[in-house]
Amino acid sequence: MLPNTLARVVAILLAAGFTAAALASATTFVVGNDQGWTIGVDYIAWVRGKTFKVGDKLVFSYPSAEHTVTEVGKNDYFACAGGGALRNDRSGSTNVTLTGPGTRYFICNIPGHCTIGMRLAVTVAGDGSPPPVVTSAATAATTGSRIRPRMGPAVAAAAGAMIKLAL
């Protein structure tokens, strides 16, 4: 009984550590910095030098009556066409969490805005996602699987302390 309880405690601590590490390493990017999402900003230059990772957030701030944040596919991005939009928002404050690797495309769908540069392509690196977590330590123990997380010093110290306490 004790090994299963200990395995569950360790799994919970590791999951909490991974979640905290992923949240701590996430970055919030304000699109266009102080200018926000508007006409006249060079979004190609804004992206240059930035590294976007899974879990990062894009914040679009704009006057809701004047602009939209429309997520589109690659072809629609280059054509400045929002008819096949994946998402469309005109609230004035749009938050987008980057949930997976690859390129995400955004345009303003107000006629003429995209064609004069109000579009953004963000490439998300694949190495920013947290490592997979075994959801059931009991299942891992019964199948002979081993939990081999990559953990930082704080998580390792906490797990070590919990193991010593349990023993």
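In which sense do strands E3 and E6 pair, and over how many bridges? The two strands run in the antiparallel sense and are joined over 5 bridges. The legends below place this pairing in its setting. The model is predicted: local features need pLDDT of at least 70 and side-chain atom pairs count only at pLDDT 80 or more, whereas totals for chains, interfaces and linings use all residues. Residues are numbered from 1 along each chain as its sequence is written, and side-chain values use heavy atoms, with hydrogens and water left out.

**Figure 1. Overview of the protein and its secondary structure.**
The protein contains 5 helices and 8 strands. Helices (H or I, at least four residues) and strands (E, at least two) are DSSP runs, numbered from the N terminus. Along the sequence they follow the pattern α-β-α-β-β-β-α-β-β-β-β-α-α. Of the 167 residues in the protein, 31% are buried. Here, buried means under 20% relative accessible area, exposed means over 50%, and partly exposed lies in between (1.4 Å probe, protein chains only). Among contacts with a separation of 6 or more, 69% are between residues 24 or more positions apart; contact means heavy atoms within 4.5 Å.

**Figure 2. The open sheet of strands E1, E3 and E6.**
This open sheet of 3 strands has the order E1-E3-E6 and mixed pairing. Two strands pair if DSSP finds at least two bridges between them. Strand E1 (28-30) and strand E6 (93-97) are the edge strands, each pairing on one side only. From one strand to the next, the twist averages 20°; axes are lines fitted to C-alpha atoms, for helices over the stretch in contact, and angles run from 0 to 180 degrees between N-to-C directions. E1 pairs with strand E3 (residues 57-61) in the parallel sense over 3 bridges.

Val54 is found in the loop between strand E2 (52-53) and E3. Is Val54 buried or exposed? With 14% relative accessibility, this residue counts as buried. The C-alpha atoms of Val54 and Thr97 are separated by 8.0 Å, although the two residues are 43 residues apart along the chain.

**Figure 3. The largest nonpolar core and Trp46.**
In soluble globular proteins, nonpolar side chains tend to be buried together. A nonpolar core is a set of buried Ala, Val, Leu, Ile, Met, Phe, Trp, Tyr and Cys residues joined through side-chain atoms within 4.5 Å. The largest such core here has 21 residues, and those with the most contacts inside it are Val31, Trp37, Trp46, Phe52, Leu58, Phe60 and Leu120. Helix H2 (43-47), E3 and E8 are the elements that give two or more residues to this core. Not counting residues up to four places away in sequence, Trp46 touches Phe29, Val30, Val31, Gly32, Asn33, Phe52, Leu58 and Leu120. Asn33 is found in the loop between E1 and H2. At 45% relative accessibility, Asn33 counts as partly exposed. Its phi is near 50°, a positive value in a residue other than glycine.

**Figure 4. The disulfide between Cys80 and Cys114.**
A search of the whole structure finds 1 disulfide, defined as a pair of cysteine sulfur atoms within 2.5 Å. Cys80 is joined to Cys114, with an S to S distance of 2.1 Å. The torsion about their S-S bond is about -70°, so the disulfide is left-handed. The pair links distant parts of the chain, 34 residues apart: Cys80 is in the loop between helix H3 (74-79) and strand E5 (87-89), and Cys114 is in the loop between strand E7 (102-107) and strand E8 (119-125). Both Cys80 and Cys114 are buried. Cys108 is in no disulfide, and the nearest cysteine sulfur, that of Cys114, is 8.3 Å away. Cys108 is buried, with a relative accessible area of 1%. Cys80 has a phi near 55°, a positive value in a residue other than glycine.

Glu71 lies in strand E4 (residues 69-72) and is buried, with a relative accessible area of 5%. Which residues are in contact with Glu71, leaving aside its neighbours within four places in sequence? They are Ala85, Leu86, Arg87, Arg104, Tyr105 and Phe106.
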